[in-house]
Amino acid sequence: MSIIQKSATEQLALLQSGQLTSVELTQAYLERINAVDPSVGAFLRLESETALTQAAEIDRRRTAGESLGKLAGLPVAIKDILCTKGTPTTCGSRMLENFVPPYNATVVEKLQAADAVILGRTNMDEFAMGSSTENSAYHPTHNPWDTSRIPGGSSGGAAACVSADMAPLSVGTDTGGSIRQPAALCGCVGLKPTYGRVSRYGLIAFASSLDQIGPLAKTVEDAALLMEVLAGYDPLDSTSVDIPVPAYTESVSQPLENLTLGVVDHHFGEGIDPEIETAVKQAIATYESL
């Protein structure tokens, strides 16, 4: 298994033990992006030089024994809807192709504080209004498993880059399914956090009463790792909830006994596709067996 096929949690352990450098890991992802993304189209903008500079600085600090953040040395891709100081943020629209934010979104600040390496900006349906990532003003994104198919949306680029081994972690946004649906279509893990759990400050809004920022990753443990960084109270967001952030990575391995799974009966009514019904009921049976 190559290094980019490993989970973010596994990569982080190798970084921390000195068996892998952040420059080596970042370079491996940049090479993968250059090889694969021309056919997938997950990225709108790649920040190769900046990423390698960040990675080299993290390696220097690690070698010097300095304190490092929770994601130190791990590459992360960001949906192009989150304001990043000095970096064009387009929302997949020509209207914003020259917009360079003068400030960072809170989640970008959190990623920087966690010493993540920012690889670049991922493609999306224009202004997040879509569910296929065919509606970007720049180019469509394709499903990496079958490029004749859609990756879902609007966070299609964020999901596709993780599934195609172009990033171990990515950050998307979800209003009515824009993380969960592309995660399902691309075969990775996506989570829409509870409203108020992650600051929306610096997120270019679609529907402020519904928008949430959340993780996309290969595994549930990786998503939990990223959530520990993204979550938390922010006084700059009036809807942010001031409660402690749990240690999500410690709870993902807890036994499933005594958990209750809610099933919405009316979703199985008239009009449901038979294949979808069968697949969901098989999933329910699997949960029951656990």
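This is a predicted model: local features need pLDDT of at least 70, side-chain atom pairs count only at pLDDT 80 or more; totals for chains, interfaces and linings use all residues.
Residues are numbered from 1 along each chain as its sequence is written, and side-chain values use heavy atoms, with hydrogens and water left out.

**Figure 1**
Helices (H or I, at least four residues) and strands (E, at least two) are DSSP runs, numbered from the N terminus. Six of the six residues of β3 are buried, so the strand is largely enclosed by the rest of the structure; buried means under 20% relative accessible area, exposed over 50% and partly exposed in between (1.4 Å probe, protein chains only). Two strands pair if DSSP finds at least two bridges between them. Strand β1 (residues 43-46) pairs with β3 in the antiparallel sense over three bridges, and Leu46 has Gly120 of β3 as its bridge partner. β2 and β3 run parallel and are joined by five bridges. Gly120 is also the bridge partner of Ala77.

**Figure 1. Helix α4 and the residue that follows.**
Thr106, Val107, Val108 and Leu111 of α4 are buried. The cover over the buried residues of α4 includes β2, β3, β4 (169-174), β6 and α7, where contact means heavy atoms within 4.5 Å. α4 is followed by Asp115, whose phi is positive, near 65°, although Asp115 is not a glycine. With a relative accessibility of 9%, Asp115 counts as buried.

Ala128 lies in the loop between β3 and α5. Its phi is near 70°, a positive value in a residue other than glycine. Ala128 is buried, at a relative accessible area of 4%. Ser154 has its place in the loop between β3 (117-122) and α5 (156-163). The peptide bond from Gly153 to Ser154 is cis, with omega near 5°.

On a 1 Å grid over the protein atoms alone, a cavity is a set of points where a 1.4 Å probe fits but cannot get out, and a pocket is an open set with protein on both sides within 12 Å along at least five of seven lines; lining residues have an atom within 4 Å of a point. Grid points are joined across faces, edges and corners, and a volume is the space filled by probe spheres set on the points. By this rule there is one cavity of 30 Å³ or more, and the largest cavity holds about 30 Å³ of space. Its lining consists of Ile81, Ala128, Thr173, Thr175, Leu203, Ile204, Ala205, Phe206 and Asp211. By class, six of these residues are nonpolar, two polar and one charged; Ala, Val, Leu, Ile, Met, Phe, Trp, Tyr, Cys and Pro count as nonpolar, Asp, Glu, Lys and Arg as charged, and the others, Gly among them, as polar.

**Figure 2. The largest pocket.**
About 1200 Å³ of space lies in the largest pocket. Of the 28 residues in its lining, Val220, Leu256, Leu259, Leu261 and Tyr287 lie nearest the centre. The elements that give two or more residues to this lining are α6 (180-186), β5 (189-190), α7 (220-230), α8 (248-251) and α9 (274-289). α7 gives the most, with four residues. The lining has 17 nonpolar, seven polar and four charged residues.

**Figure 3. The second largest pocket.**
The second largest pocket holds about 390 Å³ of space. Among its lining residues are Leu261, Phe268, Ile276 and Tyr287. By class, this lining has ten nonpolar, one polar and no charged residues.

**Figure 4. The pair of Tyr103 and Tyr201.**
The structure holds one aromatic pair. The ring centres of Tyr103 and Tyr201 are 5.4 Å apart and the planes stand at 45°, so the pair is tilted. Rings of Phe, Tyr and Trp (its six-membered ring) pair if their centres lie within 6.5 Å; planes under 30 degrees apart count as stacked, over 60 as edge-to-face and the rest as tilted. Tyr103 is partly exposed at 31% relative accessibility, and Tyr201 is partly exposed with a relative accessible area of 30%.
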